[in-house]
Amino acid sequence: MERKNYSIIFLLWMIASFIYGAGIFLIGFFPINNYSLVNDLEGRPQSLDGVKLVAPTKLYKQTVLVVVDALRSDFATPATMPFSYNNACSHLQLRVNIPTVTLPRIKSLTTGTISNFIDIVLNIGHVEQLSDSLLHRLHERNETAVFAGDRTWKNLFPKQFKRFTANTDSFFVNDFYEGDKNVTEILCKELEQTDWMLLVLHYLGLDHIGHVEGTESPKIPLKLKEMDDVVQKIYKAKHFHDQLVLVTGDHGMKDGGGHGGSTTAEMYVPILAYNGICISKSYRSKTYNQIDLAPTLAILWSIEIPSMSIGCLIPELLREYSLEDQLYAYYYNSLHLIKKATRKFGSEYVDSSALAKWFEAGKSAHKQFLLAKLNDKFDNAFFFENARVHYLRLSKEISDQLAATLGQFDYELIAIGLTLTTLNQRSFIYGKVLCLSVILITFSAYKWGNYQGYITITGIGATVSVLLALAMNVYFIINIANILWTQFYNFTGQQLQQLSLPSQIWWLTGCLTFHTLSLASSSFIEMESKTWHYLGSSALILLAVQNFYADLCRTYKTAFTYGDFNYVVFYKDLIRSFLKSYSTWLLVGGLLFLERLNVFAFSINKENEKILLSFFFVAGLIIYPICLRQQTIIQSHKEFVFCAITAILVYCYRSSKGAVLFVFDISCCVNIFLTMFWIVLGMYILISLTFVIINKQSRISQQSSRTSVERGFKVLLNFLLTISILLHKPHNVLLVTYLVCILSMCYKICDKLERQASHNHKHLQKLLYTIFIGNMFYFYQGNSNSFATIDLNPGYIGQSTYKPLIVGIFVTLNMYSAQFISFVFLIVHILNYNNDLSNKKELNSQIHSNTNTNSNEQIQFILYFYTLSIFVPVLIYFSLLLFFRYHLFIYSVFAPKALYEYYRVIVLFLTLLLTTINFFIFEL
């Protein structure tokens with residue numbers, strides 16, 4: 001018992017250390033900008049080569065910035081937003097940078113710089129990072145700014161708004177109308193005021209509808225019409241003639257309704273401009289970068305460009321200025337950018353490149369324009385265009401170069417992170433606390449010195465530190481083989497010459513290796529679902545073929561009676577064998593449908609296909625309790641009734657939400673059905689655990705103890721299954737039953753084919769199949785390596801406010817349900833397998849030492865191998881990240897996968913924590 005407790009505690013410690021080290025690695029790879037260090041308040045230029053310059057004044061007394069969350073480009077059309085489209089002075093398009101989530105996009109809008117990728121994590125906590133932005137410049141000039149909408153703005157700019165009304169829960173995605181209604185009420189009040197210079201409105205309803213119901217929701221056209229009415233209110237207000245109105249989105253929305261990835265629908269948003277002095281209307285939709293809006297607004301508001309800005313100017317928004325004022329704007333932004341380029345790349349690089357030539361040519365033409373205006377009293381269009389072209393060309397080139405170099409890597413953090421992820425061997429356990437303490441103290445001292453400028457590591461120093469960390473990484477991966485060897489053969493006494501594993505194990509291990517190496521390809525990462533489907537379905541087809549071949553061989557042998565071949569017996573047994581295995585082929589063949597489930601779901605989730613969706617939902621819920629009873633997960637009639645009741649309540653809940661059909665309207669009973677579900681589930685868990693604990697207290701043998709543990713894990717498994725059918729989308733409920741059936745089928749065939757193999761070989765083979773099947777169903781559920789496919793809706797089931805902990809738990813349980821269920825189902829199977837052997841007295845009759853093992857050793861080996869099967873790909877992938885850190889798709893493909901892999905290790909920790917708690921409660 002002590003050895004087992006020690007092993008599990010060590011395993012949890014190893015995973016916790018790995019999570020800590022991987023976290024440090026990711027912080028080093030995706031560093032958080034220290035914005036307070038770059039607040040350079042440079043003034044606006046006063047002269048140009050001896051010619052006096054006059055900064056343009058504000059054209060508009062007030063500016064209204066309307067940000068419609070997830071307003072992608074094709075949403076703002078004459079059909080969906082007729083008033084907004086037909087009355088806009090300019091119809092432009094902005095290209096946003098990844099990640100396409102709100103917080104980094106607000107930073108880009110207000111600072112003109114590209115946010116770091118780690119901002120997608122900070123997006124949840126709204127961490128304040130800014131010390132310089134358009135809002136800060138307005139605040140310094142005592143200009144009044146007012147805000148209403150998404151709480152993210154309030155957290156980023158807590159002191160910059162004189163009046164603000166933030167949504168209570170911006171992350172509460174079930175709020176389609178109430179939050180937007182409050183914003184519009186604030187708008188109506190502020191339109192009557194004249195004391196403010198900037199009014200920011202951030203509407204969230206469109207984004208929430210997309211998250212919950214997708215882009216095909218009938219509510220989206222209604223929401224767009226609501227936004228169109230908002231623009232009409234502003235347009236017809238009495239002070240509109242003194243206002244500039246900009247309508248845009250922070251990011252787009254993919255076809256499935258989410259965002260966070262790099263598809264065209266997510267990365268392009270419209271920007272519609274309105275003003276009372278509109279000279280002419282332009283319907284040409286030119287494309288600019290989202291970061292270009294900040295310096296353009298700085299010019300329009302007659303304030304300094306934010307020091308972090310690397311954007312260009314948007315000429316269409318400056319048309320109302322005179323030619324002289326427009327050239328001043330282009331010159332000011334070019335001067336700002338060339339100063340940043342000089343600080344970044346050095347004066348030698350700038351002077352020797354075309355940048356300096358373009359800048360001098362622009363200044364020369366600009367000066368000639370000013371002199372011509374001063375002497376000849378007219379605007380020379382040739383000089384104007386010549387200067388404008390050179391300034392814009394210069395700005396575009398510097399902006400692109402600076403954007404490409406914003407991703408700075410903290411190699412010291414990367415090296416320390418990789419080192420900590422490799423200090424996970426048993427030999428380190430006793431000295432690990434001291435080792436970690438020394439590392440942390442040294443690291444803290446170093447980073448302080450680096451921050452103060454006393455210590456720097458660049459060039460060779462950075463390379464050596466990373467190479468040392470990579471060396472330890474490789475050393476750890478090599479030692480993994482030693483850990484597995486020790487765990488697998490330390491109690492068998494088998495020597496190297498006697499090593500003989502089933503061919504299926506070698507084949508499956510080879511497939512895992514291929515998948516790990518495939519992560520070096522961006523295409524394989526984007527289409528990882530195809531990789532797992534191909535590898536997993538191929539493995540299951542091979543298993544089914546081997547099963548049928550084994551039956552065929554046995555049938556062939558039985559056909560020989562007294563030395564003669566009996567065709568009647570052969571064909572009779574052949575047909576019987578085929579009938580026995582037809583369910584296997586149906587299950588394997590059904591994987592072709594599951595692989596296309598997301599495409600099919602896109603069709604049946606439409607409003608006019610609700611009957612078909614209801615049919616699939618009912619089918620999944622009916623099969624669910626029947627399957628659990630057949631697989632002996634539930635054994636009594638009472639448990640069956642409990643499962644049936646929960647399934648009925650889940651259907652009633654979805655019906656009350658309008659997702660599926662019901663015979664009459666029950667929309668008023670949403671909370672009633674959900675409350676009844678939790679009560680029934682709680683009663684089942686309480687009664688089941690009480691029954692298991694009472695039996696455990698009265699046990700008289702080790703066999704009774706193992707039975708208690710098995711029953712405890714069955715309660716946990718049933719809990720996970722029941723929660724899954726509640727959290728899953730209606731079309732995905734069938735996956736829960738299918739997963740249990742295919743795992744059970746796979747384990748039975750493994751036991752049948754490997755009768756002569758040791759129990760450890762059997763369980764290893766089953767674990768490998770469990771890993772394959774779990775990953776297959778993870779992607780069948782609709783997940784991917786893009787943040788846009790994260791389904792937030794399950795996190796808000798039964799929630800009236802945003803509670804981060806509950807939302808995080810529900811989203812994780814839904815997203816990784818296949819991994820949770822697969823692993824716990826395997827543990828239940830192993831415990832049941834050993835209990836059956838013990839009951840039949842087969843363990844005592846085994847002669848070979850390979851089979852003389854107990855559940856402790858088998859479970860311990862399974863835990864180790866499962867942990868390392870996740871560790872190895874993550875370690876290798878982190879190493880690949882370093883080699884691909886300048887890859888074209890590093891932020892669009894490789895970076896999201898890195899965060900997914902990191903969270904996968906956290907899920908592993910949670911899985912083993914649940915397993916450990918179960919073992920300790922029931923004292924295996």
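Is C312 buried or exposed? I looked this up to get started: C312 is buried, with a relative accessible area of 9%. For my own notes, buried means under 20% relative accessible area, exposed means over 50%, and partly exposed lies in between, with a 1.4 Å probe and protein chains only.

**Ground rules.** I am reading a predicted model, where local features need pLDDT of at least 70, side-chain atom pairs count only at pLDDT 80 or more, and totals for chains, interfaces and linings use all residues. Residues are numbered from 1 along each chain as its sequence is written, and side-chain values use heavy atoms, with hydrogens and water left out.

**Confidence.** I checked pLDDT next, the predictor's confidence in each residue, from 0 to 100. The protein's mean is 79, and 77% of its residues reach 70 or more. Over residues 34-39 the pLDDT stays under 50, and the model has 17 contacts for them beyond four places in sequence. Residues 451-459 are also below 50, with 11 contacts in the model beyond near neighbours in sequence. A contact here means heavy atoms within 4.5 Å.

**Cysteines.** I searched for disulfides, meaning pairs of cysteine sulfur atoms within 2.5 Å, and the structure holds zero. C669 is in no disulfide; its nearest cysteine sulfur belongs to C668, 3.6 Å away.

**The sheet.** I then traced an open sheet of eight strands, in the order β6-β5-β7-β3-β8-β9-β4-β10, with mixed pairing. Which strands stand at the edges? They are β6 (163-166) and β10 (287-289), each with a single partner strand, so one side of each has no neighbour in the sheet. On average, neighbouring strands are turned by 20 degrees against each other, direction ignored. The angle comes from axes, which are lines fitted to C-alpha atoms (for helices over the stretch in contact), and angles run from 0 to 180 degrees between N-to-C directions.

V146 has R163 in β6 as its bridge partner. Two strands pair if DSSP finds at least two bridges between them. Helices (H or I, at least four residues) and strands (E, at least two) are DSSP runs, numbered from the N terminus.

**Salt bridges.** How many salt bridges does a search of the whole structure find? I got 24, each being a side-chain nitrogen of Lys or Arg within 4 Å of a carboxyl oxygen of Asp or Glu.

- I opened R141 and E304, whose closest N and O atoms are 3.3 Å apart. R141 lies in the loop between α5 (134-140) and β5, and E304 in the loop between α11 (293-300) and α12 (323-345), so the pair ties together parts 163 residues apart in sequence. R141 is partly exposed at 36%, while E304 counts as buried at 18%.
- I found K530 paired with E595, with 2.5 Å between the closest N and O atoms. This pair links distant parts of the chain, from helix α21 (residues 528-558) to helix α22 (residues 567-595), 65 residues apart. K530 is partly exposed at 41%, and E595 is buried at 18%.
- I also noted K219 with E213, at 2.9 Å between the closest N and O atoms. K219 is partly exposed at 24%, and E213 is partly exposed at 34%.
- My last entry is a network of salt bridges that links E528, K897, E901 and R904.
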